[in-house]
Structure formats: C-alpha cells, structure tokens
Amino acid sequence: MTEPKPRLDCAATGPLFNANAMKLGVFGLNVASAGALTTSPDRHRISWDQNVRLARMAEDAGFEAVVPFARWRGFGGETNPWGESFETFTWAAGLAAATRRIALVATVNMMTMPAVAAAKQLSTIDHISHGRAVLNVVAGWMEIEMRMFGVGALGHDDRYAQGAEWMEALYRLWTAEEPFDLRGKYLSIEGGLQQPKNVQSPRPPVMNAAFSTTGHAFAARWADIAFISPNPDKPESAVEQVRALRAMADARGRDMQIWVATSVAGAPTAEAARAYVAQYSGPEMDIGAVENFTRLMMGGTAMPDDQRAAMLRHVAAHIGGFPLVGSYQDIAGKIAALSEAGVDGLCLTWMDYERGLPDFIANILPLMEKAGLRRPFMDAAGPAA
Ligand SMILES: Cc1cc2nc3c(=O)[nH]c(=O)nc-3n(C[C@H](O)[C@H](O)[C@H](O)COP(=O)(O)O)c2cc1C
C-alpha cells in the first residue's frame with residue numbers, strides 16, 4: 001500500500017510555486033539597516049522610490065518574493081537600526097501595483113492586529129496583485145514594540161496558543177461562505193465573514209518565521225513556508241533541522257517549503273568579502289545598537305571578553321541570518337549545500353542593498369543557474385521557456 005502524499009493546502013498558483021529548486025526573496029528591504037548594525041555610510045536607508053526600484057530589479061532577475069520585516073521600533077545607538085520602516089501591508093499593496101510577477105509578502109505579529117483586519121488587508125493585496133500575496137505570521141516579542149500596542153505580556157508558548165486561534169480565524173475568514181462564530185481563550189468573533197474571497201484559492205500561502213520547537217510545531221500545523229536556522233559553523237546542521245521540521249509536517253499529512261534567512265556579502269575573492277564585512281562590523285559597528293539588541297534578545301548572558309567581542313561582531317554583521325560571505329564561487333557552493341540539505345528558498349539581506357542586490361544578480365545568480373538550482377531568467381518580459 002502506498003502512503004498518502006503529504007499535501008500543500010494553499011493555492012500553488014503564485015510565484016513561490018515555480019520549478020526553481022532554490023527560491024529567492026529580498027528580505028527586509030522596507031527597514032533601515034535591516035542587514036547590519038553599522039554606522040557605515042553605505043548602510044541601508046529607505047525611501048519609497050528606492051524600494052520600488054529594487055523590488056523591480058529583483059523581479060526582473062526572476063526572484064520569487066519580497067519579504068518585509070514587521071518593525072515598529074529600532075535598537076537605538078548612533079544610527080537606530082530598524083528604527084525607520086515601512087508598514088508591511090501598505091508596503092506590499094504599493095508594490096503589488098508597481099510590479100507584475102513577484103510575490104508580495106506582508107508580515108504581521110499576530111498579537112498586534114485582529115485576524116479580521118489582517119485577513120481582509122492581505123486579500124485586498126491578493127486582488128491588487130492578481131494572486132501574488134503571501135502572509136508571513138510571527139509570534140515574536142520585542143517589549144518596546146508590544147508596549148506601543150498596549151499588549152499584555154504573554155509567555156513564549158502562550159503566544160503560539162494565541163497564534164493558533166488567530167490562524168483558525170484567518171483561515172475561516174478566507175474560506176467560509178457563511179457567517180461564523182469563534183470563541184477562544186484569546187479572541188472572540190461573532191458573525192465573522194469576509195467577502196470577496198482571495199484570488200488565490202482556497203487561500204494564499206502563509207509563511208511562519210520561527211525557530212523554536214514550539215514555533216516549528218505551529219508552522220507544521222498552519223504554515224506553507226517555514227524557516228530553519230542552521231549553525232553557521234556547522235552548515236550540515238541544516239540536514240537535521242530540515243528532517244525534523246518535515247517530519248512534523250508529514251505527521252499532519254502536510255507539505256511545506258523550508259527557507260533560510262541569510263546575510264550576504266560576496267566579492268571576487270574571499271579575502272575581499274571578509275575585509276568588507278570586517279570593516280562594517282568592526283570599526284564601523286554601531287556598538288550602542290548591538291549592545292541594546294543583545295540585551296533585548298539574550299538578556300545578560302555572561303561570557304568571556306573575547307567570546308563576547310566575537311559575538312557582538314557576529315550580531316553586527318549577520319543580524320539578517322545565516323552568513324553567506326566569501327567569493328561568489330564560495331557563496332554559490334554554500335547555497336548548493338543548503339539545497340542538498342533540503343532547503344527550498346533563501347531570504348537575502350545585505351548591509352548595502354544598493355550594492356548587494358545587483359552584485360548578487362550579476363555574479364551569484366548565474367552560478368546558481370549553472371548549478372541547476374534555478375532556470376535562467378534572462379528576459380525582463382517573462383521567464384525564459
Ligand atoms: C525569517 C524570520 C523573519 C522574522 N521576521 C520578523 C518580523 O518581521 N517581525 C518580528 O517581530 N519578528 C520577526 N521574526 C522573529 C520571530 O517573530 C520570533 O520572534 C523569533 O523567531 C523567535 O520565535 P521562536 O522562539 O518561536 O523562534 C522573524 C524571524 C525569522 C526567523
């Protein structure tokens with residue numbers, strides 16, 4: 001007897017479901033200093049026209065998605081990284097009207113917005129974009145942000161319990177044809193109904209960005225795209241993380257894509273790439289912001305001075321995720337290894353998006369195509385046959 005095939009239960013008609021073995025998303029474009037906590041004069045600053053220009057550049061190179069951070073406050077220090085950002089639903093709606101093929105992701109912390117509002121906003125983006133909208137749901141906790149929303153403290157696992165109710169509401173709003181009631185511990189909906197339905201049927205894809213086991217269990221139940229975080233010193237750890245996450249989804253008869261958030265710095269030689277990163281995360285590090293970030297995220301974890309200095313440099317350089325630093329060949333090799341481990345997609349950040357995105361397109365994308373990880377995408381009018 002053959003086992004039933006795991007299934008994907010969202011629409012698989014959008015840009016994220018093409019034949020490319022390794023999908024690509026521009027990550028954090030909407031947030032200042034998204035990819036590095038640095039005072040470098042080249043750090044990422046945001047303007048609407050620049051976001052549109054870079055999103056179109058990614059689209060014309062065949063990237064599958066633009067994925068924003070949902071952020072409301074920065075980390076202080078000299079440059080207040082992440083302090084300036086565009087709100088993600090309105091950002092995705094604007095980009096939907098300015099692009100033709102790429103998927104537009106909106107990111108929401110499930111404690112900050114009623115599911116009723118998020119469902120309809122995402123749906124509206126799905127209509128504006130003719131079926132290219134994706135929702136990224138997160139259950140994070142940054143206290144200064146949550147205080148802005150007046151949200152009471154919830155423990156880590158309780159946030160995912162709240163998230164589960166929120167997701168049930170979201171999916172029912174997207175699919176129910178008749179008004180429904182939903183009463184849970186964290187939310188209550190009377191006569192819930194959303195019309196019109198989405199362009200993507202039965203519903204648009206949902207991403208969940210989490211790393212914890214509880215987060216992965218949540219993703220396995222609700223999400224179509226989830227993230228792992230391989231150990232930078234042991235890239236082979238991706239194999240085990242992929243296996244564990246897929247097993248959780250399999251157990252529910254579900255399928256999902258598995259992505260990795262990365263921080264990219266490529267150059268013709270590994271030495272040049274390392275020197276570039278060393279400059280913006282060493283002498284140019286925004287030490288005040290890095291200290292604030294580590295205090296917020298790691299509390300007062302004690303460690304020896306040299307280890308602490310290395311940790312601070314790592315945070316400054318690679319806050320965007322798994323480091324892809326080296327020669328173009330090295331980076332293409334690391335991406336091939338992630339693919340081999342079962343990773344389906346990458347979210348990419350850079351210290352300087354204006355330099356990093358065209359550099360990736362010119363120098364790394366062709367190597368990915370040569371390795372069979374992506375089909376050539378030469379024509380700005382549409383994918384090559
Ligand atoms: C790829 C990725 C993107 C994320 N984007 C956001 C975001 O935009 N806003 C946010 O508040 N948290 C974001 N987070 C953080 C998560 O919300 C969460 O706080 C973090 O992963 C810890 O949750 P966990 O303990 O379940 O792993 C992101 C995490 C990942 C892995």
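Me: What should I know about the model and its numbering before I start?
Reply: The model is predicted, so local features need pLDDT of at least 70 and side-chain atom pairs count only at pLDDT 80 or more, while totals for chains, interfaces and linings use all residues. Residues are numbered from 1 along each chain as its sequence is written, and side-chain values use heavy atoms, with hydrogens and water left out.

Me: Which polar atoms lie by an oxygen atom of the ligand?
Reply: A polar contact is a pair of N or O atoms within 3.5 Å. A polar side-chain atom of Y160 lies 2.3 Å from an oxygen atom of the ligand. For F211, a polar backbone atom is 2.6 Å from a ligand oxygen, and for G140 a backbone N or O atom lies 3.3 Å from one.

Me: How much of the ligand does the protein bury?
Reply: Accessible areas come from the Shrake-Rupley method with a 1.4 Å probe. Taken alone, the ligand exposes 610 Å², and the protein buries 83% of that.

Me: Where does the ligand sit?
Reply: Rolling a probe the size of a water molecule over the atoms shows where empty space is left. On a 1 Å grid over the protein atoms alone, a pocket is an open set of points with protein on both sides within 12 Å along at least five of seven lines; a cavity is a set where a 1.4 Å probe fits but cannot get out; lining residues have an atom within 4 Å of a point. A molecule sits in one of these if more than half of its atoms lie within 2 Å of its grid points. The ligand sits in the largest pocket.

Me: What is the volume of the largest pocket, and how many residues line it?
Reply: A volume is the space filled by probe spheres set on the grid points, which are joined across faces, edges and corners. The largest pocket has a volume of about 1,300 Å³. Its lining has 42 residues, with W82, A209, F211, M297 and I319 nearest the centre.

Me: How many cavities of 30 Å³ or more are there?
Reply: The count comes to 1 cavity of 30 Å³ or more. The largest cavity has a volume of about 60 Å³, and its lining includes V264, Y276, W350 and D359.

Technical notes: Polar contact = N/O pair within 3.5 Å; in protein donor to acceptor, adjacent residues only side chain to side chain.
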